[in-house]
Amino acid sequence: MILLDKLTKGYSPKDEVLAGLTTALALVPEVVAFALLAHVSPLVGIGSAFIICLITSILGGRPGMISGAAGSVAVVIVSLVEQHGVEYLFAAVALMGLIQIGVGLLRLGKFIRLVPQSVVFGFVNGLAIIIFMAQLEQFKTEDASGATHWLTGASLWLMMGLVLLTMAIVYFLPKLTKAMPSSLVAILVVSALVIFGNLPTKSVGDIASISGGLPLPHLPAIPFTWDTLALVFPYSLIMALVGLTESLLTLTVVDELTDTRGRGNKDCVAQGLANVASGLTGGMGGCAMIGQTMVNIESRGRHRLSGIVAAGALALFVLVGSSLIERLPLAALVGVMFMVVIGTFEWASLRIIGRMPLTDVVVMALVTLITAISQNLALAVLMGVVISALAFAWENALRIRARKHLDEQGRKHYEIFGPLFFGSVVAFNEKFDPAGDPQEVIIDFRESRVTDLSAIEALNKLTERYAKLGKTLHLRHLSPDCRRLLTNAQALIDVNYWEDPTYKVVADTAE
């Protein structure tokens with residue numbers, strides 16, 4: 001009872017349980033499809049989702065976020081499974097988890113703050129497109145020869161009608177009552193209509209059977225050698241980066257939706273522990289799933305209990321409810337996911353395109369395209385961050401200025417404004433006139449900062465230019481960290497800087 005109180009403090013247990021059930025129903029077709037994509041058994045996908053969802057819900061840094069066997073990770077492991085078998089996959093997943101634990105313990109999750117909003121918009125929009133495209137597969141069917149074709153005729157119209165009915169219930173029911181999650185009601189209503197009306201439409205069982213047992217401890221049957229480590233490590237590293245990228249960005253999205261703040265490093269460790277457990281129970285790798293997370297949030301699941309219920313429901317589906325779950329019409333689940341797509345896509349990002357800087361528009365479009373086409377989330381986010389950083393560096397490189405004047409002693413002063421770094425070095429050097437300056441020159445950095453080795457080398461070369469003309473260059477008002485940089489670089493450069501006096505109040509020394 002005490003544990004339940006902690007899990008539901010400030011929240012409605014009924015809402016959490018119903019949200020968890022709804023999320024579990026939305027998880028089943030997704031993880032089965034991802035398992036088939038990775039060339040493993042559907043039960044492996046569901047077992048992995050159970051393990052990962054349970055552990056991250058209990059230990060994760062973002063209550064309400066749903067994790068499971070994700071498609072972004074499944075894409076990475078296809079070649080490993082095809083070439084070496086599933087046992088190597090299990091080892092790679094366990095190693096993936098260890099890498100993620102290391103990232104969390106080293107507190108590297110904080111670097112997600114460096115991701116610009118334009119990249120977040122592109123990431124979310126790209127994932128919305130991926131979720132939408134994944135649902136289109138349910139509008140296809142296989143013929144007797146195994147070839148895949150689009151639905152036609154009455155089958156297509158029935159599927160579309162049921163999808164639209166589901167979407168209508170999800171959209172309009174909250175306007176009438178919020179007693180139950182509209183997604184769950186839509187799934188139940190459409191399922192009852194199909195089952196009791198004996199309507200001929202695709203069901204979960206048409207994808208694969210989910211009957212079986214829960215995952216058990218399983219040590220990968222591979223040789224534990226350096227060659228094996230060299231083989232699986234690249235896959236593990238990519239899976240770890242992709243998983244953490246999607247998880248941390250999903251965490252950021254949920255933070256904005258719920259006006260709360262998750263703990264990124266804690267979630268990195270939880271994701272790692274979940275993947276280690278998944279790998280050692282014969283499972284796939286996973287991470288946060290933004291589609292199912294959105295289903296949970298929109299169903300009013302805000303706390304850990306909803307994720308725990310979702311994991312428990314998955315276990316019950318496999319153990320005792322497989323025959324019923326396999327009868328659920330895919331149209332109902334597709335309709336729910338279409339509404340998730342509409343809710344996930346950042347429509348505001350389209351409305352503000354004309355008012356956004358061109359760089360942000362390009363970055364957002366690029367991240368969206370890379371995410372949607374390659375499904376390599378780590379690459380998409382990395383490209384977006386790099387382009388944003390280069391654009392920022394270029395803009396700041398143009399902002400460096402110098403104000404000049406002569407003092408009473410005939411010394412020339414250059415008052416620098418703006419950061420001195422690799423991007424602004426050329427513009428900085430153009431501000432000076434060594435040949436026309438007097439014998440003594442002072443560069444004042446009160447409104448500037450020396451930030452990197454390129455800046456230090458620029459000061460060194462400028463000092464040499466004045467020295468060759470028999471003139472002296474002094475640096476003034478350097479910040480403590482700037483002086484530290486110059487002191488550390490004394491073996492490479494030769495510059496003069498004035499130590500500014502430190503003033504104290506007389507009363508402080510008297511006491």
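## Ground rules

This is a predicted model, so to speak of local features takes pLDDT of at least 70 and side-chain atom pairs count only at pLDDT 80 or more, while totals for chains, interfaces and linings use all residues. Numbering starts from 1 along each chain as its sequence is written, and side-chain values use heavy atoms, with hydrogens and water left out.

## The cavity

There is 1 cavity of 30 Å³ or more in the structure. A cavity here is a set of points, on a 1 Å grid over the protein atoms alone, where a 1.4 Å probe fits but cannot get out; lining residues have an atom within 4 Å of a point. The largest cavity holds about 40 Å³ of space, with volume being the space filled by probe spheres set on the points, which are joined across faces, edges and corners.

Its lining includes Leu43, Phe50, Pro215 and Val318. Helices are DSSP runs (H or I, at least four residues), numbered from the N terminus. By type, the lining has 8 nonpolar residues, 2 polar and no charged; Gly counts as polar, Leu and Phe as nonpolar, and Lys as charged.

## Leu25

Leu25 sits in helix α2 (residues 13-37). Is Leu25 buried or exposed? Leu25 is buried, at a relative accessible area of 9%; buried means under 20%, exposed over 50%, and partly exposed in between, using a 1.4 Å probe and protein chains only.

Leaving out residues up to four places away in sequence, Leu25 touches Leu184, Ile187, Phe317, Ile325, Leu328 and Leu333. Contact means heavy atoms within 4.5 Å.

Definitions and conventions: 1 Å grid on protein atoms, 1.4 Å probe; cavity = no way out; pocket = protein on both sides within 12 Å on 5 of 7 lines; lining within 4 Å. Helix = DSSP H or I, 4+ residues; strand = E, 2+ residues; numbered from the N terminus.
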